[in-house]
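Here is a friendly walk through one protein model, stop by stop. Keep the viewer open as you read, and look up each residue as it comes.

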Amino acid sequence: MNFAELVFWGAFIGLGATVVTDVVGVMRQGWSATHGFYRLVGRWAGSARHGVLAQGDVRNLEPVRTEAALGWSAHIALGVVFGIGFVAIFGPDAVTTPDLARSLIFGLVTVFIPWLIFQPLFGWGVAMAKASEPWKMRVKGIITHTIFGFGLWVSAMVVRFIA
């Protein structure tokens, strides 16, 4: 498999894993909560475009036009980047020989990106430290990113059969 194919299949796997994660997320917490969260992602991204990277709680920022589309797009793009990273780390085996344990561990490790980067920028502290129930939110993050890992495996299994 050449470099371009690895990037393509990595993107496909990341997109598939994101879809799996989002479907399960909507089943777990409903459309309103899932969509509402990605609106906040879009609000932050829209504000960041104007030089506001961190300014207290993102929920208190002025709404941004098209924040929902912006948030969902950023979320999907990050899933694609994670998929490419997954294939970059594990090479062609990530595509040709899907491994559930490897996928789950990678998915679980991705929880550190929101914990250490996005949540502090959203004004919620490292690993949701400023939340009223930080451990409840951390467990939700662990579950979500483990599901993402499962989605990586499912998507890699699909690629194995179509590639």
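## Gly 125 and its contacts

Leaving aside neighbours within four places in sequence, Gly 125 is in contact with Trp 115, Gln 119, Pro 120 and Lys 130. Please keep in mind that this is a predicted model. You will find Gly 125 in the loop between helix 5 and helix 6. Is Gly 125 buried or exposed? Its relative accessibility is 12%, so Gly 125 counts as buried, the cut-off for that label being under 20%.

The C-alpha atoms of Gly 125 and Trp 9 are separated by 34 Å, and the two residues are 116 places apart along the chain.

Gln 119 sits in helix 5 and counts as buried because its relative accessibility is 13%. Not counting residues up to four places away in sequence, Gln 119 touches Pro 114, Trp 124, Gly 125, Ala 127 and Met 128.

Lys 130 belongs to the loop between helix 5 and helix 6. With a relative accessible area of 65%, Lys 130 is exposed; the label exposed applies over 50%. Once neighbours within four places in sequence are set aside, the contacts of Lys 130 are Gly 123, Trp 124 and Gly 125. Ten residues along the chain separate Lys 130 from Lys 140, and their C-alpha atoms are 15 Å apart.

Phe 3 is found in helix 1. At 65% relative accessibility, Phe 3 counts as exposed.

Most residues other than glycine have a negative phi. Which value of phi does Met 128 have? Met 128 has a positive phi of about 65°, although it is not a glycine. Met 128 lies in the loop between helix 5 and helix 6, and its relative accessible area of 9% makes it buried.

Thr 66 is not a glycine either, and its phi is positive, at about 60°. Look for Thr 66 in the loop between helix 1 and helix 2.

## The largest pocket

The largest pocket holds about 1,100 Å³ of space. Its lining is made up of 39 residues, and those nearest its centre are Phe 37, Tyr 38, Pro 114, Gln 119 and Thr 144. Two or more lining residues come from each of helix 1 (3–48), helix 2, helix 5 (112–121) and helix 6.

Which helix gives the most to this lining? That is helix 1, with 14 residues. By residue type, the lining of the largest pocket divides into 20 nonpolar, 13 polar and six charged residues.

## Helix 4 and its buried face

Helix 4 spans residues 100–109, and its buried residues are Arg 102, Ser 103, Phe 106 and Gly 107. Why do these residues line one face of the helix? Seen down the axis of helix 4, the buried residues fall within an arc of 130°, so they line one face.

The buried residues of helix 4 pack against helix 2 (67–90), helix 3 (93–96) and helix 6 (134–162). At the start of helix 4, have a look at Asp 99: one of its side-chain oxygens reaches to within 3.3 Å of the backbone nitrogen of Ala 101.

Note on methods: Residues numbered from 1 in each chain as written. Predicted model: local features only at pLDDT ≥ 70, side-chain atom pairs only at ≥ 80, totals over all residues. Heavy atoms only, no water. Buried < 20%, exposed > 50% of the residue type's maximum accessible area, 1.4 Å probe, protein only. Helix = DSSP H or I, 4+ residues; strand = E, 2+ residues; numbered from the N terminus. Arc of directions from axis to C-beta. Contact = heavy atoms within 4.5 Å. Polar contact = N/O pair within 3.5 Å; in protein donor to acceptor, adjacent residues only side chain to side chain. 1 Å grid on protein atoms, 1.4 Å probe; cavity = no way out; pocket = protein on both sides within 12 Å on 5 of 7 lines; lining within 4 Å. Points joined across faces, edges and corners; volume = space filled by probe spheres on them. Nonpolar A, V, L, I, M, F, W, Y, C, P; charged D, E, K, R; others polar.
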